[in-house]
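Colleague: I have the sequence and the coordinates open side by side. Could you take me through them, strands to begin with?

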Amino acid sequence: MTGPVVAPPELSLAERDRRWRAVRALMRERGLACLLVAGFRAREMYESYISDDYNEGCVVFPLEGDPVVLTWAHLRVLRANGSAERGHELWVKDYRVATTGAHAAEVVREKGLAGGRLGVVGLRSQAPTEIYGAIPANWWEEFSRALPGLAFEDLSEELSHLMLVKSAEELAQVRYAAKAAEAACRVIAEVTEPGVGEEVIFAEATREMLRFGIGLRYPGIVMNSGAATLSWGPPRWLTRGEAPRVLARGDLMQSELMPLCGNQEIQVQMTVALDPIDETNRKCERVARESYEAGLEALRPGIQFSDLVAAMVEPLKIAGCWSYTPLVHSISPHFLAGRPRVNMEKVDLGVRFVGQPVPREREAVMKPGMVLAFEPNACLDRHRVNIGGTVLVTESGCEELNRVPTRVTHK
């Protein structure tokens, strides 16, 4: 098959207008004349919320008047123009190249900052792989130097809260991405066998997701394999000369898939067990599934995010397990994260820290239209089992958008 399985859902100008109204309402509430929304190389690509596009730059969004997309090279502008020529209307008509922060400052002045306060999204944003913010230090130095006396307020957290509740059009993209992930999980279940290398599974899963005509959020696929390992992240062989591991009986092949449609990301945690697996892994499997079910039972509009986390951690607490990564987090943006430290008092990861880790704990009331990644993981010593999929908050409770990855597939 050569093209997408089904054409990915597109966003309308009505969706653009809905977003712009909401962002401008936030700006008025904060007394801001202009908003600078960063994209750059940020994982969350915040600029796309304004432009329905990602050009590795930023968007200057005035309280009144037309926004401007700023990017780093003319080829990004011509790419957007090519899309428009094929009938895909651009949300923002004004695309420009600004190769320095000082050039971006000129546009901010043009759009009416004129001594007013500037809102910034991305300066102090925190998300996985971008815990230091999304705006390059050199760019910000040039930008702020060109605007002496600049009064600004970081709105990364406030915009993230605004983005959490999805419209019907956004949810159509979420469902499409979840469909692509589900198909890739079925491929992983089919391909994973003793004697197969990790690279084969990685390639086939990637191919299946891209066949839907969508993208993958960095790092695309997280993967590890083995009978007992806490290794987690992009495969090491992607960035160094290290042979991919070959699977054997007794292994768990675990992966996290991150497809996105229109910058609406979903995540699933796919685990395949090449039986027989040991009793410790079986216990972790049982506890992870119990955590998943506890989350489904607890999730409904009106509860606090922390209440959902508390429900999902209870099975781990009872079983004496601990969690290596969050049990649940929001997606698009990856903003709320629930990783409790239950039963970790005697866990020694063998990792040296400089100073004490500073976790960012955020809270939100669950509302219909929010999308969460359920990814319960249960650990004992070096054993870890991770399952989960995409869950949507509905008017009366919640809806599972994935099924295959919410249980361990045994082969």
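Modeller: Let me start with an open sheet of five strands, which has the order β12-β11-β13-β16-β17 and antiparallel pairing; two strands pair if DSSP finds at least two bridges between them, while strands themselves are DSSP runs of E with at least two residues, and helices are runs of H or I with at least four, all numbered from the N terminus.

Colleague: Which are the edge strands there?

Modeller: They are β12 (337-338) and β17 (398-400), each of which pairs on one side only.

Colleague: Before we go on, what kind of model is this?

Modeller: This is a predicted model, in which local features need pLDDT of at least 70 and side-chain atom pairs count only at pLDDT 80 or more, whereas totals for chains, interfaces and linings use all residues. Residues are numbered from 1 along each chain as its sequence is written, and side-chain values use heavy atoms, with hydrogens and water left out.

Colleague: What about the hairpin of β14 and β15, how many residues sit between the strands?

Modeller: There are two residues between the strands, and D381 takes a positive phi near 55° in this hairpin. The pairing of β14 with strand β15 (residues 383-386) is antiparallel and runs over four bridges, with C379 opposite R384 and with N386 in β15 as the bridge partner of N377.

Colleague: Are the faces of β14 covered or open?

Modeller: Both faces of β14 (residues 377-380) are covered, since N377 and C379 on one side and A378 and L380 on the other are all buried, where buried means under 20% relative accessible area, exposed means over 50% and partly exposed lies in between (1.4 Å probe, protein chains only). In a regular strand the side chains alternate between the two faces of the sheet. In β15, H383 and V385 point one way and R384 and N386 the other way, and all of these are buried too.

Colleague: Is M45 buried or exposed?

Modeller: M45 counts as buried, because its relative accessible area is 15%. N263 is also not a glycine and has a positive phi of about 65°; N263 is found in the loop between β8 (252-261) and β9 (264-265), and with a relative accessible area of 11% N263 is buried.

Colleague: And R341, buried or exposed?

Modeller: R341 counts as exposed, because its relative accessibility is 57%. R341 has its place in the loop between β12 and β13, and its C-alpha atom is separated by 9.8 Å from that of K317, 24 residues apart along the chain.

Colleague: Zooming out, how many helices and strands does the protein have?

Modeller: The secondary structure comes to 10 helices and 18 strands, and of the 411 residues 56% count as buried. The C-alpha atoms fill a box of roughly 65 × 50 × 45 Å along the principal axes.

Colleague: Why would you call the overall size consistent with a compact globule?

Modeller: Because a compact globule of 411 residues would have a radius of gyration near 22 Å, and the protein has 22 Å, which agrees; the radius is taken over C-alpha atoms, and the globule rule is 2.2 Å times the number of residues to the power 0.38.

Colleague: Last one: what share of the contacts joins residues 24 or more positions apart?

Modeller: Such pairs account for 72% of the contacts with a separation of 6 or more, a contact being heavy atoms within 4.5 Å.
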